[in-house]
Structure formats: structure tokens, C-alpha cells
Amino acid sequence: MVTLGVLLTGLLAGLSMQSDGIDILGDTSVGGLLLSSGGGGVAVALILASGTAMVVRRRSVLAGLSIAAAVVIGGSALLFSSDFAEVMAGGVLLGCSAVQANSTRVRQALLTASFLLGLLSVGAVEALQHSAIPRRYADYLTESDMGTPVVVPVLCVLVMVAAAWAARAEQGESPATDRDIRTVAAILLVAIGGLLLNMVFVFSMFQSLYGFGGRWYYGLFVVPVLFAAAGLLPGRGGVMVLAGTAVLLTSTTTAGVGISVSARAWTLGLVAVTAIAVAAGAALGLRWGRPLIGVAVLAVVCVTALFEQPPLDNVHYVATLIVFPAAAAYLYVACTPAAPTPSTLGLAIPAAITVPMVVTYGWTSYTPLTSALTDTSWPRVELWLSTGGACVAVVLAGLGMWALNRYRTLL
């Protein structure tokens with residue numbers, strides 16, 4: 001039952017930690033960016049997740065925190081709709097599940113797979129709430145038009161039952177966790193550094209005459225922040241942070257795939273494909289885990305972002321839908337065993353860092369965001385630069401992982 005609880009809790013944490021917060025247009029004050037942006041909520045969630053994994057050890061306390069967090073998430077979905085509270089509760093769940101999974105690599109693999117599946121399936125779960133209304137119009141709908149959420153509340157109930165049952169099945173405390181001051185410094189560096197970069201990016205975006213254009217490079221400043229955090233963690237703990245860095249950088253190069261929400265079979269099919277890919281990657285990581293192989297595959301996924309024109313764009317779609325989830329799960333699992341705090345920090349990085357790394361061109365309902373650009377060669381050059389920067393950073397993360405594995409001992 002503890003293993004099932006880890007699986008369910010990781011899935012709910014992944015669905016909850018990806019913030020839907022939108023920066024309020026024109027509000028560039030520090031307080032406005034902190035409270036209204038997605039970066040503020042996930043920064044607090046990261047601290048709660050890592051702090052829980054570092055401090056809490058008694059299984060009864062873990063069960064109580066998991067049940068309380070599930071209640072908050074379920075209440076947010078059904079009653080008061082607070083994205084901030086939901087994200088923070090997701091952080092608590094992630095920290096609790098990381099401590100529960102600390103005993104075996106199999107549980108750590110299940111936590112990794114379920115959490116990644118939750119992160120990658122957020123859009124599909126939201127789409128299932130809308131029966132026949134395109135997702136792009138969801139922000140303009142009334143509560144009565146959006147439908148009643150089902151997936152998340154049901155999952156919350158299952159998590160509460162599993163947590164209560166696990167608390168009765170296993171008494172006592174989990175193995176001791178690292179409480180080094182360097183670990184605390186690494187947690188604060190990632191959380192505060194990511195939040196400050198998010199605030200700088202949002203401020204510059206609204207102050208710029210060119211909108212999104214030319215501002216993608218702020219995302220690259222996240223790389224030294226995460227590398228410094230990996231260096232601060234004692235022993236091989238930084239390997240998980242660098243694995244999260246590689247997954248984060250690669251995720252910014254993946255393609256967005258549109259699915260008609262009226263075709264529920266396609267939406268469920270997307271979730272099924274993602275689940276199979278993540279499960280396969282986790283299983284391979286358990287059996288033949290080699291972190292550098294995972295890094296190499298993620299670097300290839302980054303390169304496929306350059307394939308924009310048909311028929312080569314299909315290569316990028318396949319890399320996004322199948323290869324990336326499998327490679328991310330493989331890399332994380334290949335880096336286990338890991339202590340709960342570094343494991344939590346590494347898993348949370350793709351959700352906690354909200355600064356875009358790669359140029360993304362999108363459209364509103366009527367006007368292309370790139371309509372103000374007069375130089376047609378500019379987008380292509382920027383795509384090459386930003387994608388190349390992400391790919392190089394992924395390779396550097398792999399080299400950092402190799403160095404930590406070679407020169408530091410496992411705690």
C-alpha cells in the first residue's frame with residue numbers, strides 16, 4: 001500500500017505543481033509580480049517540497065500532511081479555485097512522497113514516473129473538463145460553462161485513503177535525511193533565483209517595445225543558478241539537480257500539440273501514450289541506467305526543434321510525444337538512489353523554473369504575436385540561437401553529472 005501511495009501521491013503532485021498563474025498585464029510592481037505570477041507560487045512550493053523532504057521523518061506526520069494537502073487540492077478544484085494554494089499543496093505532496101520512496105529504487109522510480117506523468121498530462125486533464133469548447137476560450141468561460149472537475153477530486157480521495165492505510169501498515173520513522181546548511185542554501189538559491197529571474201523577465205517583457213522578441217536569453221541565466229545549486233549539495237546530490245536542469249532545458253524545445261477537446265478519445269490517447277513512454281523510460285533506467293545516455297537522447301530531442309517544415313516537423317512531434325517523456329524518466333531513474341531532498345529538488349525544477357529558455361511564437365485569436373516583426377529572417381536566427389543554447393546547456397549538465405559521479409562519494 002505504501003508503494004501505491006507513492007504512485008498516487010506523485011501523480012497528484014505533478015498535476016498540482018504546474019501553476020496556471022498569469023501575470024497581470026501592466027502590473028510590473030514587485031508585489032504584483034510576486035503574487036500574480038506563476039513564479040511566486042512555485043517558488044514557495046519548491047521550498048515546501050524540499051523542506052518537507054528534509055525535515056519530516058515520522059510516517060504518521062507524512063500521512064497527515066499528505067491527507068491535508070489532498071484536501072486542499074480537492075477543495076481548490078471543487079470550491080474556492082485557488083491556484084496558489086493548489087501549487088503549494090502539490091509541493092507538500094511531492095516532499096512527502098519523496099520521503100516515503102526513500103527506502104528502495106523501485107519506489108523512487110515509481111515516484112519519478114508518476115510525477116512526470118502528472119506534469120506532462122496537466123493540459124490533457126484540463127481539456128477533459130470541457131466537453132466541446134476549444135481550450136483557448138476557457139479563460140473567457142463562466143464557471144457553469146467549464147464543467148465540474150472529476151479526475152483531480154477522485155485522485156485526491158484515493159491519495160487520502162492510501163496515505164491513511166500506509167500510516168497503519170508502516171509505523172516509525174523513515175531513514176535519516178540530510179539537513180546540511182549547504183542543502184538549505186541550494187534550495188533557497190533555486191527558489192529565489194528562479195523567482196527573481198521570472199520577475200526580471202516579466203518586467204522586461206512588458207516594458208519592451210517589441211513584446212517577446214529578443215528577451216528569451218534571460219532564461220539562460222537560470223543555468224548558472226542551477227549549476228551553482230548542484231555544486232552546493234553535498235555528495236552526489238547535485239546529480240539530481242543537473243538531471244532536472246537537462247529535463248527543463250529540453251522541455252522548452254518541445255512542440256505544443258493541439259487536440260480537439262471534443263474528441264475525448266484523442267485526449268485519453270495522448271495520456272496513454274505519455275504514460276507508456278514514461279513507464280518504459282523508468283523501467284529501462286532501473287535495468288540499464290546510464291545517466292549520460294539519457295543526456296545524449298535529450299540533446300537530440302533539443303536538436304529536433306529545428307525541424308519546422310513538413311515533413312520533418314513530424315520528427316519533432318514524435319520526439320516531443322514519445323522520446324522526451326521516456327528520456328526524462330530514464331535520466332531521473334538512472335540517477336537513483338538519491339536522498340529525498342536532492343530528489344525532490346531535481347524533480348521540482350521543471351515545474352519551479354518559469355522563465356522560458358527558447359523562443360516560442362504563438363497567436364492570439366486574431367493577431368499573430370510576430371506581426372510587429374518586419375525582418376522575416378529574425379525568427380529563424382533566434383530559433384537557432386535559443387535552441388543551440390538549450391542544447392549546449394544540456395550537454396554541460398551531462399558533463400557536470402559525470403564529474404559529480406566521478407569525484408564525489410555517495411552519501
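Predicted model: local features only at pLDDT ≥ 70, side-chain atom pairs only at ≥ 80, totals over all residues.
Although L15 and L119 are 104 residues apart in sequence, their C-alpha atoms are 5.5 Å apart in space. Once neighbours within four places in sequence are set aside, the residues in contact with L15 are E86, G118, L119, S121, V122, V125 and L155.

## The chain as a whole

The secondary structure of the chain comes to 17 helices and zero strands. Of the 411 residues in the chain, 50% are buried. Among the contacts between residues at least 6 apart in sequence, 84% join residues that are at least 24 apart, and the pair formed by L15 and L119, with its separation of 104 residues, can be read with that figure in mind.

## Helix 9

Helix 9 covers residues 151–169, and its 19 residues should span 27 Å at 1.5 Å a residue, which agrees with the 27 Å that separates its end C-alpha atoms. The buried residues of this helix are V152, P153, L155, C156, V159, A162, A163, A166 and A167. One of them, L155, is also in the list of residues that L15 contacts, while C156 counts as buried at 2% relative accessibility.

Against which helices do the buried residues of helix 9 pack? They pack against helix 1 (2–17), helix 4 (59–80), helix 5 (83–100) and helix 7 (122–127).

In soluble globular proteins, nonpolar side chains tend to be buried together. Here the largest nonpolar core has 90 residues, and those with the most contacts inside it are L12, L94, V190, L298, L331, V394 and M401. The largest share of this core, nine residues, comes from helix 12, which covers residues 238–251. Because 13 of the 14 residues of helix 12 are buried, this helix is largely enclosed by the rest of the structure. Its 14 residues should span 20 Å at 1.5 Å a residue, and the end C-alpha atoms are 20 Å apart, in agreement with that expectation.

A polar atom of the T253 side chain lies 2.7 Å from the backbone oxygen of T250. T253 and C391 are 138 residues apart in sequence, and the distance between them in space is 9.1 Å, C-alpha to C-alpha.

The place of C391 is in helix 17, residues 378–407, where the cysteine counts as buried at 16% relative accessibility. Not counting residues up to four places away in sequence, C391 touches A299, C302 and V303. For the structure, the count of disulfides comes to zero.

## An aromatic pair and a cis peptide bond

A search of the whole structure finds one aromatic pair. The rings of W402 and Y407 have their centres 6.3 Å apart and their planes at 85 degrees, so the pair is edge-to-face, planes over 60 degrees apart being counted in that way. W402 is partly exposed, with a relative accessible area of 42%, whereas Y407 is exposed, with a relative accessible area of 61%.

A cis peptide bond joins T336 and P337, with omega at about 5 degrees. P337 is found in the loop between helix 15 (313–334) and helix 16 (340–352).

Conventions: Residues numbered from 1 in each chain as written. Heavy atoms only, no water. Phe/Tyr/Trp six-rings, centres within 6.5 Å; stacked < 30°, edge-to-face > 60°. Buried < 20%, exposed > 50% of the residue type's maximum accessible area, 1.4 Å probe, protein only. Helix = DSSP H or I, 4+ residues; strand = E, 2+ residues; numbered from the N terminus. Core = buried A, V, L, I, M, F, W, Y, C linked by side-chain atoms within 4.5 Å. Disulfide = S-S within 2.5 Å. Expected span 1.5 Å × (residues − 1). Contact = heavy atoms within 4.5 Å. Polar contact = N/O pair within 3.5 Å; in protein donor to acceptor, adjacent residues only side chain to side chain.
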